[in-house]
Amino acid sequence: MAESQVNHTGWKFVDTAGSSSRPVDRPLEILVIGGGFAGLNAVSELAGVEARIWLVDKRNHHVFQPLLYQVATAALSPADIGYPIRSVFRRRQDVHVIMDELIRIDLARKVAVFPGGEADFDYLVLACGATHGYFGREDWARFAPGLKTIEDALEIRSRILLAFEEAEMEADPDNRIADLTFVIVGGGPTGVEMAGALRQIATQALPNDFRNIDTKSSRVILIQSADRLLPTMPEDLSARALEDLLQMGVEVRLKSRVTEIGEGFVMIGDEKVNAGCIFWAAGVKGNPVAATLGVPLDKSGRVLVGPDLSLPGYPFAFAIGDIAAVTDPVSGNPVPGVAQGAIQMGRFVGKLIRDDIQGRFARDPRPVFHYRDKGQMATIGRSRAVAQIGRWHFAGFFAWLTWGLVHVLFLVGFRNRFAVLAQWIWDYVTFSKGARLITGNVRPHVRSHHGAYLIPVSTPVPEAPQDVSSPPG
Ligand SMILES: Cc1cc2nc3c(=O)[nH]c(=O)nc-3n(C[C@H](O)[C@H](O)[C@H](O)COP(=O)(O)OP(=O)(O)OC[C@H]3O[C@@H](n4cnc5c(N)ncnc54)[C@H](O)[C@@H]3O)c2cc1C
């Protein structure tokens, strides 16, 4: 291996020995970007390989995205679904976890560029996921946030809880109806789960907490452009999800398109709906770093990888998980952007790099990635879910139980599994949602005509009684 020509001065994580030049007999360097399902599984599979592994993520924690909506709807706390990446690999001396943000990749020079400098690599695994896609209307993001990170979930949670606070103080009936109208754009699993959870908050968790409003009267509108919900699932399960949501009081608009979104309103075709909260669950696009590679991307900005998940023309560089556009060679279908896809791609590429380092492909051709579809599930509400495992389709309580068990099983960290399970059991028994905190520097928007206040502004505030039993100071 030739000595690196890259000047590492000022770049913090290669120069661990305090020297800016690296020895000729340096170990192989494997750079993995992203500590999501794909990145974590690639690094796990590389255990025991003679190489130094750098796992870089712009956050210090892995996020279990399938349960983000539960943080957004106050059922779980952020720490229940996040796990420090450093802790995942605390027993692996070969793994260096770095918190930094990749800016771009120079494939010709085998260099990754970070704000503080450059890092060279022998193998590159890009596993930095996807981001929200607004179909060219990025200006809608301000009014209709999407759900991808813990920060997104907390923002959405604050907006939901704030909407109820504002409605409680609102005197004008039309404004109150608008405050209590929640619109979700996109009828895939996230949209369906959000819609169900919002109706549950409004009808089960909150009614006793408010005095001026009937939270049960909240409108939850789910907009879907296709003619059915959950379009990647079998039709009978789409129909069941629709039936369940309607029973729960969700207004579902199929074959409907959003034409405009602005401050407090959404246009569905020509119809204007005033809404206190609008959420985006309609589209994703590849991580922006994909565009820096100079390789072909699909129309969603994801990397079009080869059958071995490497970048065309660069056998040492791979893209896996949500950032990659992969067609399964057996079914001919695109591999879905789901956790199982990312996990399987991570394991495949980890093993492939290990075999490559051990010289296996000097004789044999590289293997081809094949996605094993283990099924799909979506939860709709309390005791309601739909599931497809192989040819088996089921719904209702058993599907909901299966959904819960599978999700707890795949959570990273024993504490998280225990905490989530305990929280769910508590919520099931008490009908409550524990994490109803409005965080961040936000305050309800009290309109000038807030005649609904029960305590008039002039009412004197009673003095707090003195506690004579406690010692002074
Ligand atoms: C709300 C929601 C619900 C979902 N529900 C389900 C479900 O029920 N079932 C299911 O199977 N799938 C579900 N998915 C999809 C599933 O979570 C994803 O397919 C999976 O997380 C993709 O894994 P990944 O490793 O490719 O990317 P991610 O998990 O997104 O991880 C990417 C990592 O890269 C890091 N990163 C990004 N950019 C940079 C950068 N420039 N520099 C450094 N680090 C960077 C991020 O911080 C992140 O940690 C859901 C997704 C969402 C958003």
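Colleague: Hi! Which ground rules apply to the numbers?

Modeller: Residues are numbered from 1 along each chain as its sequence is written. As the model is predicted, local features need pLDDT of at least 70 and side-chain atom pairs count only at pLDDT 80 or more, while totals for chains, interfaces and linings use all residues.

Colleague: Thanks! Which residues come nearest to the ligand?

Modeller: Gly 34, Gly 36, Gly 129, Gly 321 and Val 338, out of 33 residues around the ligand. Here "near" takes a C-beta atom, placed from the backbone, within 6 Å of the molecule.

Colleague: And why does the ligand lie between domain 1 and domain 2?

Modeller: Both domain 1 (29-58 + 100-132 + 285-362) and domain 2 (138-282) give residues to its shell, so the ligand lies between them. The domain bounds come from an automatic or database domain assignment.

Colleague: Switching to β1: are its residues buried or exposed?

Modeller: Five of the five residues in β1 (residues 29-33) are buried. Buried means 20 or more other C-beta atoms within 10 Å of a residue's own, with C-beta atoms placed from the backbone; exposed means 12 or fewer, and partly exposed is in between. Strands are DSSP runs of E, at least two residues, and helices are runs of H or I, at least four, numbered from the N terminus.

Colleague: Which way do the side chains point?

Modeller: Glu 29, Leu 31 and Ile 33 point one way from β1, and Ile 30 and Val 32 point the other way.

Colleague: Nice. How many bridges join β1 to β2?

Modeller: Five, and the two strands run parallel. Strands pair if DSSP finds at least two bridges between them. Ile 30 stands opposite Ile 53 in β2.
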